[in-house]
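Hi,

Here is the structure I promised to pass on. Have a look at it first, and then read my notes below.

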Protein chains: 2
Amino acid sequence: MGVVLSTSILFTDHYQLTMAQLYLRFGLAERRARFDHTFRSYPDYGTHQAGYAVVAGLAPLLDWMGNARFSGEVIDALRSIEGSAGSQVFDDRFLAWLTAQEGFSALELFAVPEGRVVHAGAPITMVEGPLALAQILETPLLNRINFETLIATKASRVSEAAAGGDVLEFGLRRAHGSGANGATRASMIGGASGSSNVGESLDLGFTSKGTHAHSMVQVFMATMGGELESFRAYADVYPDDCLLLVDTIDTLESGVPNAITVFEELRRKGHRPVGIRLDSGDLAHLAVRSARLLNDAGFEEPTIVLSSQLDEVNIWQIRNQIAIEAPRYGVDPDHLLARLTYGVGSRMATSEGASSLDGVYKVVAVKDESGDWEPAIKISDSPAKIVDPGIKQVWRVYDERRTATADLIALTDEDVEHRPLTLHHPKLPDVSRTLDADHISRMEPLLERVADMDIPDHPRELIEQARARRLRDLDDLDPGVRRLVNPHTYHVSLSDGVSEMKHRLAAHSVPTSRGPAALQDS
Amino acid sequence: MGVVLSTSILFTDHYQLTMAQLYLRFGLAERRARFDHTFRSYPDYGTHQAGYAVVAGLAPLLDWMGNARFSGEVIDALRSIEGSAGSQVFDDRFLAWLTAQEGFSALELFAVPEGRVVHAGAPITMVEGPLALAQILETPLLNRINFETLIATKASRVSEAAAGGDVLEFGLRRAHGSGANGATRASMIGGASGSSNVGESLDLGFTSKGTHAHSMVQVFMATMGGELESFRAYADVYPDDCLLLVDTIDTLESGVPNAITVFEELRRKGHRPVGIRLDSGDLAHLAVRSARLLNDAGFEEPTIVLSSQLDEVNIWQIRNQIAIEAPRYGVDPDHLLARLTYGVGSRMATSEGASSLDGVYKVVAVKDESGDWEPAIKISDSPAKIVDPGIKQVWRVYDERRTATADLIALTDEDVEHRPLTLHHPKLPDVSRTLDADHISRMEPLLERVADMDIPDHPRELIEQARARRLRDLDDLDPGVRRLVNPHTYHVSLSDGVSEMKHRLAAHSVPTSRGPAALQDS
């Protein structure tokens, strides 16, 4: 097999390399360029859509970049690639240029710190540096940050639906190959308190979570007894971590009564049983009925873990059903809701319903020969695809209630302190609103120079920081934007400077689109 | 950071290890057990559903298993895990037992070879060996084979919709982290002819594909000219691989005319232009209009690559629209359809609409102390979740037209040669059909002992073999089962032996579900 290239610096798209070589040929490879990474729309899960996203994926990207090099093996592999005429696609001059790079170390990154709430249309990452390198970085940067942001966003919504209940990430068996590890990490940033994924949990400084599967009960049934014997065995080995899966045979007729028998035995020995897990059937109804059985036996504290096809909508529905159904069985709904834990699997780890984030990476400026930035733009039939040009920063504008009211995309050399502040609609040039000083309590730049970030060495500390940022930002967000279904649209606006530059460039580009004659004349 | 555990043998769920330790404590860890891996339903994409799946992921699983070991670092990490009472969860005896294992080498695998068409409800992988090891393997096995089967299935449907047109996998930027590499591989098995993913393509022995992005045109617009100059530059560097992206400014007014100008220059120099790519707008309409412009300029051969949010339904619709619209612009639809290539991104690489395969891994038999197999079953409120017990093989039954008519799940020691052959409905005990000798042309066992498989060392040869299997199996499949929307249901049936065993065990299990009193009496 030889060396594995798929995780090397060649974890990129072919056209990044063909363009990089072209830039080298035309003296542009080292021209300083700026790229913005922006997602165009919030994940749309079909029957519901996110109104915000939670950014994640930066630290794993930086780890990968730190090791990515144009090593001898990489260069040899590139040399072996042949074009359709049978000749070497990447010539020796280009390969020598790549070899001379120390990976991506010449690039400068700007990013919104992990865990922060971010919005569609406002850049979340920016890259500046030699054009050819910034181009090659496009794919791995998008891959990592699009994906982890997608999952952190899903996890955040799941956590919001859980309303304070613990969310455990259980998706490893159906997540996308080794991408499962990124899903675990992003879920932890988005609000999951733990994961069943042993290796990734340990790498992140956490303890993995889990107890037993149906197979344990089945094995006992086939060998040395039945469900009760399997529960006794589990309690014997894990007396202080005894959480029993009760639906292998029949939840209410067999599983819960057997669990109670074993819990009583544990209690007599001075141990506190941890709880039960329900993994099939009508989870709300079974939670109520199980709670009643547990309560009647004096087990009011053990947790009830729900799993099986959970996502934010199912959790929301289960909680609503419990609120209605619990009193009918003599169970206090608030008490029951407070003891629930949610094991969320493939729907969170794969962001079911919206399995990708539409983040794009677009060149927004290139330095000319005299070192001045020339803004770049892409015109398109679809207004949503017109790029916001120039060297920019995103400012979060907080209103008089200290609620985030808009993200303002401004040029970095632009004064955003003046009042009133004009916020231009990102697509419609004639639409804007103004905020006077009374309506702005604070403005905060969202992107930070990555080299200046204080990223903790210990990954757990990093996750904890990211979780704290998310909670802070959610607290500052209009509750309407956080709605599960049909959320309010958060405003992402352009500054005077970006708006003017965008419309000037768009107008300027029109003549070049009239065809080859016009172009050749120009 | 220390050692990376997330890709080690600890790429598994926590409960596999807690169960393994329990089995060791109760003398069951080395008891020989058999597990079946079965997916319950075909991917359902919302508006359409697959009627078959294409299995993939075995070779990467075997590669991973070959390297997975309970190394000193792994054991140290496990020793560090504490339970809620603060004590070590995994005791020294268990850690010593793990250390004594040579990874998973004591396990025996049986699998349907990659690329074959497989069906919901019929096992695609089986594992036999020491119970504790087989349990730990559950998660990594499911992760890899569920995921690659999901993507190979999606790719197969995309390829069927493309009706012979090349499909290129372009999903790296939005796929799930490093799972992107598995998506590339599975897409290649499922019918993609190439991928933009440089590293994984090279690892698989293929050449990655791609030309340039909008950014190249934008960079030229910002620095040294416009779209035409950027196209000229591209043709200059890649005269024999000149494929131009024509929608940066305006496809019909600027992009295609500029491409034709450059193609004419190439033609005068003796080169054959490769084609154009359309990446936005109404792709069917733009393909027709672009073809007309290219044809009028004498470029009837260059390919037209379509990309942007493609999936099987979009491709199917585009082809239908072209069939209607092309004649209105004086373009021969068959000629145009034959020159199309499809660049398919995130929708294939993430299986949008159905982002996970519901494959499960269930214990079906455990050897008793005297070495006889005891079948195992899981009862459930949901009949679809009742496990088919016993040591089994899946037979594909071909009818008199040599079309696959059913997959028959039989016990390995059962005679399936007798005629007529009874096929039992998998859920309804009273429903069956019989096939007499006239209606069976052939029966073929689907699962092979992995140790006996002739898996090529060269990954490209392996992919080519898998592709050939897929084409052969599709050819043997009823066209109704291959339908894009609302496919026929392929029959997966139980043999006399499995059916009898299942219903006997299910009936036998019922008394144990009456509660603890009954259980304690038994």
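Below is what I found, starting with how to read the model.

This is a predicted model, in which local features need pLDDT of at least 70, side-chain atom pairs count only at pLDDT 80 or more, and totals for chains, interfaces and linings use all residues. Residues are numbered from 1 along each chain as its sequence is written, while chains are lettered from A and ligands numbered from 1 in the order in which they are written.

On confidence: the predictor gives the complex an ipTM of 0.96 and a pTM of 0.96. Take care with residues 511-522 of chain A, where the pLDDT is below 50.

Now the contact between the chains. Chain A puts in 117 residues and chain B 117 residues, with two residues in contact if their C-beta atoms, placed from the backbone, lie within 7 Å. The chain A side is made up of 43 nonpolar, 51 polar and 23 charged residues. Here Ala, Val, Leu, Ile, Met, Phe, Trp, Tyr, Cys and Pro count as nonpolar, Asp, Glu, Lys and Arg as charged, and the others, Gly among them, as polar.

Next, helix α5 of chain A, residues 131-162. Helices are DSSP runs (H or I, at least four residues), as are strands (E, at least two), numbered from the N terminus. α5(A) bends by about 35 degrees at A:Glu138, with A:Pro140 following within four residues; the bend is the angle between axes fitted to the seven residues ending there and the seven starting there. Of its 32 residues, 31 are buried. Buried means 20 or more other C-beta atoms within 10 Å of a residue's own, exposed means 12 or fewer, and partly exposed is in between, with C-beta atoms placed from the backbone.

A:Val498 is in helix α16 (residues 496-509) of chain A, and counts as buried because 23 other C-beta atoms lie within 10 Å. A:Val498 sits 106 residues from A:Lys392 in sequence, but their C-alpha atoms are 8.2 Å apart.

Most residues other than glycine have a negative phi, and most peptide bonds are trans. The bond from A:Arg419 to A:Pro420 is cis, with omega near -5 degrees, and a cis bond also joins B:Arg419 and B:Pro420, with omega about 0 degrees. A:Arg402 has a positive phi near 65 degrees, and B:Arg402 has one of about 65 degrees.

Cheers

Methods
The expected span of a helix is 1.5 Å times one less than its number of residues. pLDDT is the predictor's confidence in each residue, from 0 to 100.
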